[in-house]
Amino acid sequence: MAADGASFDEAIGEMVDALREYAEDWQDRLRTAPNHHDNWGLVQLIALSDDQQLADWLVGTGR
């Protein structure tokens, strides 16, 4: 997974979007793939977090 942007905040926003897309893909088809099966915890984190919480998690700030 990768993200880029014109600024750090923009890149974090892109990464949040990429995480959301991954969680969707995991639910649709990746959960049975051997190299993705164990990512259920990440998918749960994504599902239970709002965008700001995910951004904080990515940069390591606990607000």
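L58 sits in helix α3. Helices here are DSSP runs of H or I with at least four residues, strands are E runs with at least two, and both are numbered from the N terminus. The model is predicted, so local features need pLDDT of at least 70 and side-chain atom pairs count only at pLDDT 80 or more, while totals for chains, interfaces and linings use all residues. Residues are numbered from 1 along each chain as its sequence is written, and side-chain values use heavy atoms, with hydrogens and water left out.

Start with L58. Its relative accessibility is 29%, so L58 counts as partly exposed. That class lies between buried (under 20% relative accessible area) and exposed (over 50%), with a 1.4 Å probe and protein chains only. L58 touches I12, M15, V16 and L19, leaving out residues up to four places away in sequence. Contact means heavy atoms within 4.5 Å. L58 and I12 are 46 residues apart in sequence, yet their C-alpha atoms are 7.5 Å apart in space.

Now step back to the whole chain. It has three helices and zero strands. Along the sequence the pattern reads α-α-α. The C-alpha atoms fill a box of roughly 35 × 25 × 15 Å along the principal axes. Of the 63 residues, 29% are buried. Take the contacts with a separation of 6 or more: 33% of them join residues 24 or more positions apart.

Next comes the core. The largest nonpolar core has 11 residues: I12, V16, L19, Y22, A23, W26, L30, V43, I46, L54 and A55. Such a core is a set of buried Ala, Val, Leu, Ile, Met, Phe, Trp, Tyr and Cys residues joined through side-chain atoms within 4.5 Å. Helices α1 (8–28), α2 and α3 each give two or more residues to this core. The most come from α1, with six. A23 is one of the core residues. A23 touches V43 and I46, again leaving out residues up to four places away.

Look at how α2 meets α3. Two packed helices are described by the angle between their axes and the distance between the axes. The axes of α2 (residues 40–48) and α3 (residues 51–59) come within 8 Å and cross at roughly 130°. Axes are lines fitted to C-alpha atoms, for helices over the stretch in contact, and angles run from 0 to 180 degrees between N-to-C directions. The two helices are therefore oblique to each other. Angles under 35 degrees count as roughly parallel, over 145 as roughly antiparallel, 65 to 115 as roughly perpendicular, and the rest as oblique. From α2, the contact uses L42, L45, I46 and L48; from α3, it uses Q53, L54 and W57. These residues divide into six nonpolar, one polar and no charged. Here Ala, Val, Leu, Ile, Met, Phe, Trp, Tyr, Cys and Pro count as nonpolar, Asp, Glu, Lys and Arg as charged, and the others, Gly among them, as polar.

Finish with the charged pairs. There are two salt bridges, each a side-chain nitrogen of Lys or Arg within 4 Å of a carboxyl oxygen of Asp or Glu. One joins D51 and R20 at 3.0 Å, N to O. This pair links distant parts of the chain, with D51 in α3 and R20 in α1, 31 residues apart. D51 is partly exposed at 43% relative accessibility, and R20 is partly exposed at 27%. R29 and D25 also meet in a salt bridge, at 3.5 Å, N to O. R29 is exposed at 52%, whereas D25 is partly exposed at 27%.
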